[in-house]
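This briefing sets out the sheets, domains and pockets of the structure shown below. Please read it with the sequence and the coordinates at hand.

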Amino acid sequence: IAGAYSENLPVICIVGGPNSNDYGTNRILHHTIGLPDFSQELRCFQTVTCYQAVVNHLEDAHELIDTAISTALKESKPVYISVGCNLPAIPHPTFSRDPVPFALSPKLTNEMGLEAAVETAAAFLNKAVKPVMVGGPKLRVAKASEAFVELADASGFALAVMPSAKGLVPEHHPHFIGTYWGAVSTGFCAEIVESADAYLFAGPIYNDYSSVGYSLLLKKEKMILVQPDRVLIGNGPAFGCILMKDFLNGAPGSLLPTAAHQILSNSLGVQLLSPNKYVL
């Protein structure tokens, strides 16, 4: 469950709890630590789940379970549901009816903020001669992998992934240059990314593993950082309440082909293989 929390996976952990009548009795039960305290397991799970439901009464079981499931889906994190072991076999009117469809309120992008972010990012990238795009592991939780690839198609930018994002971007893509992993990157990938005059990182996580001991040669002033609900451009400005998928979908129409793309496409006898691979 801790691993699911760190990877933003909406896992639902369901456990059988003590008999609901045993709470407050000062009894010592099996499968406990030998003390009349039944909350230790709950406390263990509190730090690695985004919601905890302890179901000891049928009257509020529906509400607690619905809240747990909806929170897991909205937060994309695991939740914990404990059900008293004496409750599942007890009939209750609310469980005998046909289920009512359950709807979640969608997350929405601030449209004015999105327009400003796309306009600012386009101005930032259109000045670049050799920009690149790098996909990070949060592409999955943001459900933005397809939008990321479509932006690469539309812009002609070189395309790389971080090691923890492998599988989220097709490696047979014509613009793909490899895995960006600092000193242990795919051949020439680090040189291309770190020498770029602008780079767009979508959903990165910079830890000691992905940064090879924090040794990446990246400059904040050359970066557009796109997180699942936030965009930071260079040293500023920052735009909040913007979903990554909406930002990536909104950017293609505002981007111009890179200068390198234009020069080589217009030159006689030059065939474009990918943004960073050319042949005469």
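In this predicted model, β1 and β3 pair in the parallel sense, and 6 bridges join them. Within that pairing, valine 15 has serine 82 of β3 as its bridge partner.

**The three-stranded sheet**

- The sheet is open and has 3 strands in the order β1-β3-β2, with parallel pairing.
- Its edge strands are β1 and β2 (52-55), each of which pairs on one side only.
- From one strand to the next, the twist of this sheet averages 15 degrees.
- Helix α3 lies across β1, β2 and β3, and the direction of α3 is at about 160 degrees to that of β2.

**The seven-stranded sheet**

- A further open sheet is built from 7 strands, in the order β6-β5-β4-β7-β8-β9-β10, and its pairing is mixed.
- At its edges are β6 (176-179) and β10 (238-240), and each of these strands pairs on one side only.
- The twist in this sheet averages 15 degrees from one strand to the next.
- Helix α7 (residues 145-155) packs on this sheet, where α7 touches β4 (132-135), β5 (158-161) and β7 (199-202).
- The direction of α7 makes about 170 degrees with that of β4.
- Strand β9 (residues 230-233) and β10 run antiparallel and are joined by 3 bridges.
- Valine 231 has phenylalanine 239 in β10 as its bridge partner.
- As a general point, the strands of a sheet pair through backbone hydrogen bonds, in either the parallel or the antiparallel sense.

**Domains**

- The protein is divided into two parts, domain 1 (1-84) and domain 2 (111-261).
- The C-alpha centres of domain 1 and domain 2 lie 38 Å apart.

**The largest pocket**

- The volume of the largest pocket is about 660 Å³.
- Its lining consists of 22 residues, and those nearest the pocket centre are Leu73, Lys74, Lys107, Val141 and Lys143.
- Two or more lining residues come from each of α3 (61-75), α6 (138-141) and α9 (244-250).
- Helix α3 gives the most to this lining, with 4 residues.
- By class, the lining holds 10 nonpolar, 3 polar and 9 charged residues.

- Divided by class, the lining of the second largest pocket has 10 nonpolar, 9 polar and 3 charged residues.

- Helix α3, which lies across β1, β2 and β3, gives 4 residues to the lining of the largest pocket.

Notes: Residues are numbered from 1 along each chain as its sequence is written. This is a predicted model: local features need pLDDT of at least 70, side-chain atom pairs count only at pLDDT 80 or more; totals for chains, interfaces and linings use all residues. Side-chain values use heavy atoms; hydrogens and water are left out. On a 1 Å grid over the protein atoms alone, a cavity is a set of points where a 1.4 Å probe fits but cannot get out, and a pocket is an open set with protein on both sides within 12 Å along at least five of seven lines; lining residues have an atom within 4 Å of a point. Grid points are joined across faces, edges and corners, and a volume is the space filled by probe spheres set on the points. Ala, Val, Leu, Ile, Met, Phe, Trp, Tyr, Cys and Pro count as nonpolar, Asp, Glu, Lys and Arg as charged, and the others, Gly among them, as polar. Two strands pair if DSSP finds at least two bridges between them. Axes are lines fitted to C-alpha atoms, for helices over the stretch in contact, and angles run from 0 to 180 degrees between N-to-C directions. Contact means heavy atoms within 4.5 Å. Domain bounds come from an automatic or database domain assignment.
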